[in-house]
Amino acid sequence: MRPEREIGSDAGEELAGAEADMPAAGGVTVSYFEWVQNRIGLPWEAEKVKEELETRMVRETESIRDLAHEKDLSLRTAAYVHALRRIG
């Protein structure tokens, strides 16, 4: 699906409060699950992947939302802060 209009580099303000990056995060997370499966040599059933994805996405979304509220940040900025805290 193509957007109604192009989104340029100046769209940050418009998207700052949107959860626009969540679909991309889900795809990256599933790629990580595939890597884990390959490392341990044990494939997961589709239902297990779906359950793991939902659990992690809900947990991380709640953490980011809580951080945004606590620090008065946009969701996007809170997501960056959350990620940077994780990598140390």
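Thr-29 touches Leu-53, Arg-56 and Met-57, when residues up to four places away in sequence are left out of the count. Thr-29 itself belongs to helix 2, which covers residues 22-40, and its relative accessible area of 16% falls under 20%, so it is classed as buried. The model is predicted, with a mean pLDDT of 83 for the protein and with 74% of its residues reaching 70 or more.

**Confidence**

- Confidence is lowest in helix 1 (residues 12-15), where the mean is 57, and highest in helix 3, where the mean is 94.
- Where pLDDT is low, the predicted coordinates should not be read in detail.

**Helix 3**

- Helix 3 comprises 26 residues, 46-71, and at 1.5 Å a residue it should span 38 Å, a value with which the 37 Å between its end C-alpha atoms agrees.
- The buried residues of helix 3 are Val-49, Met-57, Glu-60, Ile-64, Leu-67 and Ala-68; Met-57 is also one of the residues that Thr-29 touches.

**Aromatic residues**

- Three aromatic pairs are counted in the model, and in one of them, formed by Tyr-32 and Phe-33, the ring centres are 6.1 Å apart and the planes meet at 55°, so the pair is described as tilted.
- Tyr-32 and Phe-33 belong, together with Trp-35 and Trp-44, to one aromatic cluster.

- Helix 3 is followed by Asp-72, which is found in the loop between helix 3 and helix 4, the latter covering residues 75-87.
- The phi of Asp-72 is positive, near 55°, in a residue other than glycine.
- Most residues other than glycine have a negative phi.
- Asp-72 has a relative accessibility of 70%, which is over 50%, and therefore counts as exposed.

Definitions and conventions: Residues numbered from 1 in each chain as written. Predicted model: local features only at pLDDT ≥ 70, side-chain atom pairs only at ≥ 80, totals over all residues. Heavy atoms only, no water. Helix = DSSP H or I, 4+ residues; strand = E, 2+ residues; numbered from the N terminus. Expected span 1.5 Å × (residues − 1). Buried < 20%, exposed > 50% of the residue type's maximum accessible area, 1.4 Å probe, protein only. Contact = heavy atoms within 4.5 Å. Phe/Tyr/Trp six-rings, centres within 6.5 Å; stacked < 30°, edge-to-face > 60°. pLDDT = per-residue confidence, 0-100.
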